Amino acid sequence: MFILSIHRHIFLLEVPPTSLLESLWQVTFIASNSTQLTLSSQNMPFFDKAGRLTGVYGSDLSFTDMHDMLRKLLQTENSFMYVMTRDGMIVGTSTNESLVDLSTNNLIHANESLSPLTRSTAQYLWALESKSDQRDFTKFDGQRWDLEDLTFQLVAMTEAPFLVIVNGAPKNDYAESINRVHQELEETGRQTVRKSIGSSAVGFLLVVAISCFVFYFAVARPLAIITSRMVNATQFEFSVFRDAAVQHTTFISELAGMESEFNQMVSKFAESVLETQNICRIGTDNAFVFRSDTTAETIKRKKSVIKDGKKAQRLVSLLWVVFIQTFVVASVVLILPLVIFLSAISKCNSVSVAAGVGIANTLAIRIQNLEVSLVMESIGSLIASINENALDMSKILSVYGNDSNLDSLLYSFANEIKYSKYPLSMYFGAKSGAFAYLKGTGKDAIWVTTPLGFSDPGCRLCETYQQNYTVSDWEWVRKRNSSTGFGVWDQDSWSFSGFYFANLTFIPTERPWYRQAARITSFKNAKVQYTEPYIYASDGEKGFGVAGISSNYPFFDANGQMSGVYGTDISFADMHGTLSKYLNTPNSFMYCITRSGQLVGTSSKESIVSAAGGMKFANESMTETTKLSAKFFWDLVPNEDERDFTLLSGRLWEHEGYLFQVRAMEFAPYFVVVNGAPKSDYTGDIDLMMSDLESALSRNVVLILGVSIAVFAIIVTINCALAYYLINAPIGKITSILRSASSFDFVAYKTMQNQYGNYISELSAMEKVFYTMIAKFAGSIRSSEPSKSRTTSDPNSSPGFPTTPRSRVTLMSLLKK
């Protein structure tokens with residue numbers, strides 16, 4: 001809420017004070033000689049000697065600059081503020097709209113505004129007052145409402161002219177940063193989904209390609225080669241087995257074992273066939289000759305090939321191949337999306353943290369700006385009223401009063417209190433050493449000091465205040481050459497009483513405020529000045545030892561000589577309350593210093609007076625936050641001769657976890673206000689939220705990793721189980737049959753022949769060929785005999801299986817013959 005400071009000129013009248021009227025405020029109107037919006041103050045009645053009203057003195061307050069004033073107070077992009085009278089006529093708005101209906105030259109009401117925000121909120125207020133005959137919006141002081149997407153509040157002045165201030169903003173203004181973060185998170189989510197799907201698709205295709213490639217070269221191709229050899233063996237074509245390269249078809253141990261057994265079986269079978277075919281008939285009788293050179297050579301080459309093959313070949317179990325393949329597959333399929341997902345979560349978390357910090361910093365700056373603005377406005381308004389009071393009193397005392405008469409001074413002060421409600425002390429120190437002081441009403445409100453021997457025959461105050469002095473009191477007066485008394489002032493009856501002697505040596509002409517004003521030697525240069533902080537002799541109510549500053553204004557007589565000084569004390573005793581009431585966070589702080597660094601006031605309860613009785617500097621404070629920030633400023637301006645903290649005005653710093661700023665008055669007394677708070681005050685909830693996010697992220701990561709590992713283990717187990725039952729076990733059985741067949745044992749073959757039918761096409765084909773081959777081998781061995789007689793002239797003819805039917809005869813029977 002902004003502050004309107006309007007001075008009402010007060011004059012000393014030659015009429016009884018009780019007949020004076022209180023100041024009144026007229027409704028808002030348009031000045032007759034312009035289009036300016038004004039609010040008239042009926043604040044000074046004039047009477048003739050018969051007590052009849054002869055006229056009224058007034059002053060106009062223009063609201064021409066109201067727009068700029070309101071705009072400065074807005075904190076968000078679309079916020080609004082407007083001021084209206086208690087019955088709803090607009091007197092100021094933050095928008096640029098005209099407040100006057102040009103057709104009627106009358107002020108518009110808020111519910112007729114052209115601004116959508118002003119009109120909608122005003123119509124809402126009008127609806128609340130629809131049942132009232134006389135509209136009065138001051139009754140809603142301090143209330144807040146939500147209207148669709150708007151939030152707004154109303155604050156009303158409790159004294160005339162009872163202006164009503166309405167301010168608010170769209171809710172999106174307060175959630176702008178949050179909405180931006182929400183959009184970023186949504187976009188991150190969309191990108192994560194796209195990347196996850198893309199990576200999963202690529203990973204899937206890659207995995208399929210790698211799996212097919214590995215399976216083909218590790219299993220399918222070796223099975224096809226072995227099956228092809230079985231087909232050759234089935235046709236009794238053994239020439240292919242003479243090539244050493246046939247021993248290097250696979251690196252899979254199970255397939256290599258089966259291949260080895262198969263080759264050994266074929267080798268033995270071929271050896272048997274060769275031995276059988278090398279039995280040559282001699283003559284026409286049943287006489288046979290056995291030729292062993294070819295067989296021995298073949299067997300020798302076979303064994304050498306097998307032996308060399310065993311040396312060169314390194315074998316790996318199929319289950320290890322499946323395990324490694326599955327591991328790679330699971331890694332690609334699970335880890336890539338997992339990495340993308342976790343990186344997305346990390347990014348979202350970072351964005352959330354950054355957004356939270358950004359929102360907290362923005363909030364901190366706005367809160368601190370608001371705090372210091374209110375304090376500066378309050379102090380500035382006080383200084384402005386002091387300046388106006390000094391200038392007005394200079395007119396009153398110069399024109400209507402008698403600055404050499406204490407009674408005249410007292411009643412002039414009383415008039416100022418009556419009409420302006422001036423809350424501070426007013427006093428006048430005469431060149432003669434006389435002093436009159438008045439502050440409010442009640443006990444110790446009045447203070448009079450005169451030098452020993454002071455005489456003013458027309459001064460009732462001088463005669464009264466010393467009436468109750470004792471002999472001892474007069475003895476002190478003579479010793480000090482000064483008489484001081486405090487008494488009661490009744491503002492209603494304009495009477496004083498109850499004076500008592502004050503054991504105080506007070507020489508007004510030696511006080512800081514008098515000496516400062518005395519440096520002005522001409523009335524042409526007269527101005528309001530402010531002293532440096534000092535310890536008051538007494539303030540009449542608070543006692544001794546109170547610190548503050550004093551304003552002063554010099555008075556001159558007709559000869560141009562200074563006749564006295566008018567002053568006002570600005571006690572720092574109430575500065576604590578002024579500063580602390582504007583703080584908005586639990587650990588925020590605020591203090592006020594002079595431009596050289598002396599403490600003027602602090603939001604803490606620390607005394608600004610040192611133990612030695614002097615004024616403290618801020619860097620000597622016992623309050624941690626004050627001392628920390630003050631030392632920071634002292635480091636910025638280390639040279640005492642150049643130390644002027646007003647030069648730091650408008651700057652914001654972050655130091656050791658604190659965020660604080662400086663604002664300085666642009667006019668005397670050039671006070672500097674420092675306010676700030678720990679960053680945790682603004683980020684406390686956000687820090688808690690971030691901590692929860694971190695904990696949730698950790699839990700989710702652990703959960704995701706656990707699930708991924710479980711899925712990985714399940715995939716590996718299933719793949720290994722399938723590989724074992726669909727590939728390893730059938731290959732093992734076939735290898736076992738081959739091993740038995742190598743010993744010409746075909747019992748296992750008979751048992752397994754009815755069980756083939758593997759689901760794997762390559763294995764199924766190989767099984768069919770294998771069983772066919774074994775059947776032919778077994779049948780051939782059972783019925784083998786030389787196909788025809790050989791002569792010794794053809795010893796190197798290649799052995800071959802007979803192509804014409806033969807009678808069944810076993811190899812052993814042939815050998816026995």
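Is Val328 buried, partly exposed or exposed? Val328 is partly exposed, because its relative accessible area of 36% falls between the 20% limit for buried and the 50% limit for exposed. The structure is a predicted model.

- Val328 belongs to helix α7, which covers residues 318-400.
- Together with Trp320, Phe323, Ile324 and Phe327, Val328 forms a nonpolar patch on the surface.
- The accessible area of these residues together is about 480 Å².

**Thr118 in helix α2**
- Thr118 sits in helix α2, residues 116-128.
- Its relative accessibility is 1%, so Thr118 counts as buried.
- Beyond its neighbours within four places in sequence, Thr118 is in contact with Tyr82, Ile90, Thr93, Glu97, Ala110 and Ser113.

**Gly564 in strand β21**
- Gly564 is part of strand β21, residues 562-571.
- Gly564 counts as buried because its relative accessibility is 0%.
- With neighbours within four places in sequence set aside, the contacts of Gly564 include Phe428, Gly429, Ala430 and Lys431.
- Tyr514, Tyr553, Pro554 and Phe555 are also in contact with Gly564.
- Ala518 is 46 residues away from Gly564 along the chain, and their C-alpha atoms are 8.6 Å apart.

**Helix α13 and its packing**
- Helix α13 spans residues 624-636 and has 13 residues.
- From first to last C-alpha, α13 reaches 19 Å, close to the 18 Å expected at 1.5 Å a residue.
- Its buried residues are Thr625, Thr626, Leu628, Ser629, Ala630, Phe632, Phe633 and Trp634.
- The strands against which the buried residues of α13 pack are β22 (589-593), β23 (599-602), β24 (652-655), β25 (658-664) and β26 (672-678).

**Strand β9 and its partners**
- Strand β9 (residues 150-156) is largely enclosed by the rest of the structure, because 5 of its 7 residues are buried.
- Strand β8 (residues 144-147) runs antiparallel to β9 and is joined to it by 4 bridges.
- Asp146 has Thr151 of β9 as its bridge partner.
- The hairpin of β8 and β9 has 2 residues between the strands, and Glu148 there takes a positive phi near 55°.
- Strand β10 (residues 164-170) also pairs with β9, over 7 bridges in the antiparallel sense.
- The bridge partner of Gln153 in β10 is Asn167.
- In a regular strand, side chains alternate between the two faces of the sheet.

Notes
Residues numbered from 1 in each chain as written. Predicted model: local features only at pLDDT ≥ 70, side-chain atom pairs only at ≥ 80, totals over all residues. Heavy atoms only, no water. Buried < 20%, exposed > 50% of the residue type's maximum accessible area, 1.4 Å probe, protein only. Contact = heavy atoms within 4.5 Å. Expected span 1.5 Å × (residues − 1). Patch = residues over 30% accessible without salt bridge, like charges linked within 9 Å, V, L, I, M, F, W, Y side chains within 5 Å. Areas by Shrake-Rupley, 256 points an atom, 1.4 Å probe, with all protein chains shown as cover. Salt bridge = Lys/Arg side-chain N within 4 Å of Asp/Glu carboxyl O. Pairing = 2+ DSSP bridges.
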